[in-house]
Amino acid sequence: RESIRRLVENAVLDADKKGCQVIGLGAFNKAWWINKGGDDILQKYPKLNIRLVHGNTLTAACVLHALPENTRRVFFTGCTSKV
């Protein structure tokens, strides 16, 4: 478990150092014990410039970005969704 946690953490730190703005942790957040949905990383490194998202958040952001300007209502649904 610790080795997986370290790999994810190092990937986030490396992406942040390289100037990435957003990193999607995807399935690495499905197992809460790895990094509590990214919360452990944010608590440990509060000055990160990168934004951590899980797949649900990234999908929702892409859909919202693609909507026409005059869209008034949007309905999201999903199984075990965090959106």
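## Where helix α1 ends

Helices here are DSSP runs of H or I at least four residues long, strands are runs of E of at least two, and both are numbered from the N terminus.

A quick word on the source: this is a predicted model, in which local features need pLDDT of at least 70 and side-chain atom pairs count only at pLDDT 80 or more, while totals for chains, interfaces and linings use all residues. Residues are numbered from 1 along each chain as its sequence is written, and side-chain values use heavy atoms, with hydrogens and water left out.

## The overall layout

The protein has 4 helices and 2 strands, and from the N terminus on they run α-β-α-α-β-α. Of its 83 residues, 23% are buried, meaning under 20% relative accessible area; exposed is over 50%, and partly exposed lies in between (1.4 Å probe, protein chains only).

Take the contacts (heavy atoms within 4.5 Å) with a separation of 6 or more: 64% of them link residues 24 or more positions apart.

## Helix α1, side by side

Which residues of α1 are buried? They are Val8, Glu9, Val12, Ala15 and Asp16. They sit on the same side of α1 because they cover an arc of only 125° around the axis, taken from the directions from the helix axis to the C-beta atoms. Over on the other side, Leu7 and Lys17 are exposed. The cover for the buried residues includes β1 (22–24), α2 (32–35), α3 (39–44) and β2 (51–53).

## The nonpolar core

The largest nonpolar core has 10 residues: Val8, Val12, Ala15, Ile23, Leu25, Ile34, Ile41, Leu48, Ile50 and Leu52. Helix α1 (residues 2–17) supplies the largest share, 3 residues. To count as a core, buried Ala, Val, Leu, Ile, Met, Phe, Trp, Tyr and Cys residues must be joined through side-chain atoms within 4.5 Å.

Leaving aside residues up to four places away in sequence, Ala15 touches Cys20, Ile23 and Ile50.

## Two spots to look at

Lys36 lies in the loop between α2 and α3. Its phi is positive, near 50°, in a residue other than glycine. Lys36 counts as partly exposed because its relative accessibility is 40%.

Then there's Arg1, which lies over the face of Trp33, at 4.7 Å from the ring centre. The rule asks for NZ of Lys or CZ of Arg within 6 Å of the ring centre and within 35 degrees of the ring normal.
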